[in-house]
Amino acid sequence: MAGRFAPRPTRTTVRGGHVVVPGGVPRQASAAGRTRTWTPAWPLDLGLVLGPLRRGPGDPTFRATPDGAVWRASRTPAGPGTLRVALRGGVVQGEAWGPGAEWLLHQLPELLGSADDPDAFEPRHRLVALARHRRPGLRLTRTGLVMESLIPSVLEQKVTADEAYRAWRLLVRKFGEPAPGPAPERMSVMPAPRTWALIPSWEWHRAGVDNKRAATILRAVRVAARLEEATAFDPVRAQARLEVVSGIGPWTSAEVVQRSHGAADSVTVGDLHLPGIVGYALAGDRDADDSVMLELLEPYAGQRHRAARLILLSGRKPPRRVPRMPRGDIGQL
């Protein structure tokens with residue numbers, strides 16, 4: 001479920017998914033790239049829409065800069081590309097570089113939620129209605145890319161967010177390639193599928209990735225082209241395609257299609273914290289499990305992911321009763 005970035009960087013998964021995008025600082029001159037302007041017909045909050053795509057404060061593929069822009073480095077079907085997105089007076093200004101520039105600009109409206117339909121959502125609880133009222137710029141992103149969400153989602157299986165973010169950061173910086181164009185320093189495009197497949201076992205170990213998660217990624221990159229085909233499927237069928245790969249279950253597939261497809265109903269099951277947060281927010285039940293969560297979200301059938309995201313953005317969470325899950329680092333062994 002789609003961390004939060006206010007007032008300082010914290011974890012950013014689909015949980016909450018809000019990046020603070022500063023503004024007011026003039027942009028420095030840069031090499032010319034392809035450009036596109038687009039005017040959405042609704043209030044747009046770049047931080048809310050694009051926040052779920054950032055995998056921690058040090059994500060090499062994502063950067064929010066002081067000039068109010070959001071930068072993304074992606075591996076598109078046309079090749080690597082860098083996209084800079086800024087919002088000025090209600091107008092989106094997109095600029096892209098690299099072989100994937102044209103693809104990124106074509107995808108820009110869907111990336112910012114043009115394929116989403118928030119009007120189909122009807123709040124059934126006061127807390128959800130209030131969260132929606134306070135976040136009018138929230139729309140669900142659709143990247144149109146599977147592997148860039150699948151690999152970091154696999155890295156997040158059964159570990160703390162900090163461990164997963166560290167692994168993603170180390171592997172992308174070491175085996176990826178520099179982001180095309182005048183991207184901010186140390187931005188990288190994630191490795192190509194073949195490069196992932198050739199990473200030595202000791203490099204996975206140094207990044208803190210156990211054999212089970214590494215093996216799942218290796219199985220996935222061998223059929224990367226087939227998995228990318230799932231972008232043309234509906235979210236249910238796309239999840240089924242992803243789950244054919246051993247090691248990818250409902251938790252991981254939901255985390256992917258929430259980003260790749262903008263799937264409004266693909267609620268994350270099997271999560272350690274989400275059922276308790278939803279249960280506490282809607283029914284005062286901090287010990288809720290997946291079955292209770294799904295029952296509470298049933299009135300939002302077709303929009304369950306959006307409902308869960310608004311609950312997370314509401315900030316209503318049960319008080320912590322136990323210490324945080326300890327961070328491990330197998331790379332030190």
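Here are some friendly notes on the fold, taken point by point.

1. **Ground rules.** This is a predicted model, in which local features need pLDDT of at least 70 and side-chain atom pairs count only at pLDDT 80 or more, while totals for chains, interfaces and linings use all residues. Residues are numbered from 1 along each chain as its sequence is written, and side-chain values use heavy atoms, with hydrogens and water left out.

2. **The sheet.** Five strands form an open sheet in the order β3-β7-β6-β5-β4, with antiparallel pairing. Strands here are DSSP runs of E with at least two residues, helices are runs of H or I with at least four, and both are numbered from the N terminus. Two strands pair if DSSP finds at least two bridges between them. The edges are held by β3 (34-38) and β4 (62-64); each has a single partner strand, so one side of each is left without a neighbour in the sheet. On average, neighbouring strands of this sheet are turned by 20° against each other, direction ignored. Axes are lines fitted to C-alpha atoms, for helices over the stretch in contact, and angles run from 0 to 180 degrees between N-to-C directions.

3. **Strand pairs.** Antiparallel strands β5 (residues 70-76) and β6 (residues 79-88) are joined by seven bridges, and arginine 72 has leucine 83 in β6 as its bridge partner. Seven bridges also link β6 to β7, again antiparallel; arginine 88 is partnered by valine 91 of β7. Between β3 and β7 there are five bridges in the antiparallel sense, with threonine 35 facing glutamate 95 of β7 as its bridge partner.

4. **The β6-β7 hairpin and β7.** Two residues lie between the strands of this hairpin, where glycine 89 takes a positive phi near 60°. How enclosed is β7 by the rest of the structure? Largely so, because five of its seven residues are buried. Buried means under 20% relative accessible area, exposed over 50%, and partly exposed in between, with a 1.4 Å probe and protein chains only.

5. **Helices α4 and α5.** These two pack at an angle of about 130°, with their axes 8 Å apart, and are therefore oblique to each other. Angles under 35 degrees count as roughly parallel, over 145 as roughly antiparallel, 65 to 115 as roughly perpendicular and the rest as oblique. The contact (heavy atoms within 4.5 Å) is made by Glu148, Ile151, Pro152 and Leu155 of α4 and Ala164, Ala167 and Trp168 of α5. As for burial, α4 is mostly covered, with nine of its nine residues buried; among them are Met147, Ser149 and Val154.

6. **Positive phi in two loops.** Most residues other than glycine have a negative phi. Lysine 158 is worth a look, with a positive phi near 60° in a residue other than glycine. Lysine 158 sits in the loop between α4 (147-155) and α5 (161-175) and is exposed, with a relative accessible area of 78%. Arginine 186, likewise not a glycine, has a positive phi of about 70°. Arginine 186 lies in the loop between β8 (177-178) and β9 (188-189) and counts as exposed at 53% relative accessibility.
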